Structure formats: structure tokens, C-alpha cells
Amino acid sequence: SEERMLELAGDFDAFLCGDDALTQAVIDKCLPRLQCISKYGIGLDKIDVAYATEKKIPVLFTPGVNHTTVAEHAIGFMLSLSKKIQSNANDVRDGKWVAGWKKPVGNEIMGKTLGIIGMGRIGKEVATRARAFGMEVIAFNRTFDKEFAAQHGIQQGASAQEVIEAADIISLHCALTPETKYLIDAEQIERLKDGVTIINCARGEVVHSGDVAAALASGKIAGFAADVLDAEPPAADHPLLNAPNSIITAHIASRTHESVQRQANRSLNNLINFFEGGDDILCANGVI
């Protein structure tokens, strides 16, 4: 928190930070000595990047280290929801053995249309894995990689609206901006296919939690899975915690043993190269 960071901040040359609040007040407490901020990860939500830029402090970060693990998490959500894996496993644990030959369970993802909003590193990894499962993929990104799309048989959507209306399964991998905040809300949900599945490994506020919970209860949305929520940790009465056909994980999609090691190496190398004059530095705010 900012309060705790103000207690810890002092006469530092650099910050190596994770999910820490580096606000203007925290940065000010470390001036004039502070020369560099190195972020352990890619998200810069907790850093006042504009203020750091004003003070000519580079903000280093680690893009490209966790896209594989987030993509795998999204695919895992897809399979679990479509095949009812978690709910059936819970039934078995509770002593309910309803064999598949008595009652069909779930659906295949082969042949289904996957709509991806956000075709950066993570979105591309999801798309290639989905194509390997025999899915049709339509995607939207503000800057669209047409060469990649042609290589992997991915259709370009003219807008986010077109993509989500065409999809049987929607996977969200976009940044949180004024345009994407509550991209999935009650008004938008009405336009979706009946029985759509939605996966959010982007930011919690891309979906309106209450509206999604209501659509799960009505059956308009068949399944919802998220690794992010609009409030973390959520309150006990958060609408998605007890919503039917939902899976919520605790913001763990990017945190595997392998990705954590890559983040550690990249963030430390950024810091070392900054102070030793190396060229291999990934800077988010263009100060270097």
C-alpha cells in the first residue's frame, strides 16, 4: 500500500518493485537520489508513470515473460468450463457419481468460434493454441498483426463488438482503458449469443461483475472464468463468488515457477544494465 511504501521509502538509488504502490508521494520521498524504477512484471497500474517520466526516472518492466503461462491458464479455463471438469469433480468429491452415459456432460471446443479481444503476446498465444484444438478464431486489436493472422488462419474483426457477437467463447486479453472498462455489461450481454462462455485474464473491470452474475443465473451466459476481479481480494458477498458455472482464481495466471524465474531475471538484468551502461534494457516510459 502507499502507506506502507511511505514507511519503507528512503534514500535509494533504485526501486525493484512488484505489486507495490509507487505513487508521487513515494517517489518524492526518494528524490533527489532515485534514478530508476524496475518493475517485476508488466503491469504498471500501481506506478505513477507520468510523474516518474516528468522527473526523468526510467520505468523498466518485463514484457514477454509471462504470456505463455497466462495463455495456458485461459485455455485451462476454456476446457474446464466446456467439459464441466471442476463442477463434476466437486460432485464426485461430494459423493454424487453421475456417469456420462446417463447424462451428457459439457461440450467440445472443436469447431466453436473463439473471439479474442486483445491480440498482443498473450492473445496470440491463446489463438495458436485454440487453432490446435480445431477452433475458429476471430480477434480484434487496435493494431492488428495481419501477417500473424494470415499465418495462423485468424479472422480480423472490424471491432470488439463484432468479435464478441460472433463468438461462442470470448477470451479477454486487453488493457483496461476508458474504452474497455465494462466492455462486458448488461447492454452488451444482450447482444451476445445465448450460452456464450466468457474468460477474463485481462483486468477485473473489463467486465461488470453484477451484470455477469445475473446473466449466469439466467443462463444467458453458460460459463464464466476469471483470474482477475474488480476488487482483490473480493468481499465475501462479491456477486461472482457464488455465481453458478463460474471459476475464479486468485490472480495467479501469470505466476508459475517458470514465469516467476523469467520475471526475476529480466527485472534484475534491466536494473544491472541500467547502472552498468548495458544496451539490453526494456523501458516502459521512453526516458532512456
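This is a predicted model: local features need pLDDT of at least 70, side-chain atom pairs count only at pLDDT 80 or more; totals for chains, interfaces and linings use all residues.
Local features need pLDDT of at least 70 and side-chain atom pairs pLDDT 80 or more, while totals for chains, interfaces and linings use all residues. Residues are numbered from 1 along each chain as its sequence is written, and side-chain values use heavy atoms, without hydrogens or water.

**Cysteines**

The structure has zero disulfides (a disulfide is a pair of cysteine sulfur atoms within 2.5 Å). Cys-36 is in none; the nearest cysteine sulfur, in Cys-283, lies 8.0 Å away. For Cys-201, the closest cysteine sulfur is that of Cys-174, at 11 Å, too far for a bond. Cys-36 is buried, at 0% relative accessible area. Cys-201 is buried too, at 10%. Buried means under 20% relative accessible area, exposed over 50%, partly exposed in between (1.4 Å probe, protein chains only).

**The sheet**

Seven strands form an open sheet with parallel pairing, in the order S6-S5-S4-S7-S8-S9-S10. Strands are DSSP runs (E, at least two residues), as are helices (H or I, at least four), numbered from the N terminus. Two strands pair if DSSP finds at least two bridges between them. S6 (154-156) and S10 (246-248) are the edge strands, each pairing on one side only. Four bridges join S4 (residues 113-117) to S7 (residues 169-172). Gly-115 has Ile-170 in S7 as its bridge partner.

Two helices pack on this sheet through contacts (heavy atoms within 4.5 Å). Angles run from 0 to 180 degrees between N-to-C directions, with axes fitted to C-alpha atoms, for helices over the stretch in contact.

| Helix | Strands touched | Angle with S9 |
|---|---|---|
| H4 (residues 67-83) | S4, S7, S8, S9, S10 | about 145° |
| H10 (residues 209-218) | S9, S10 | about 140° |
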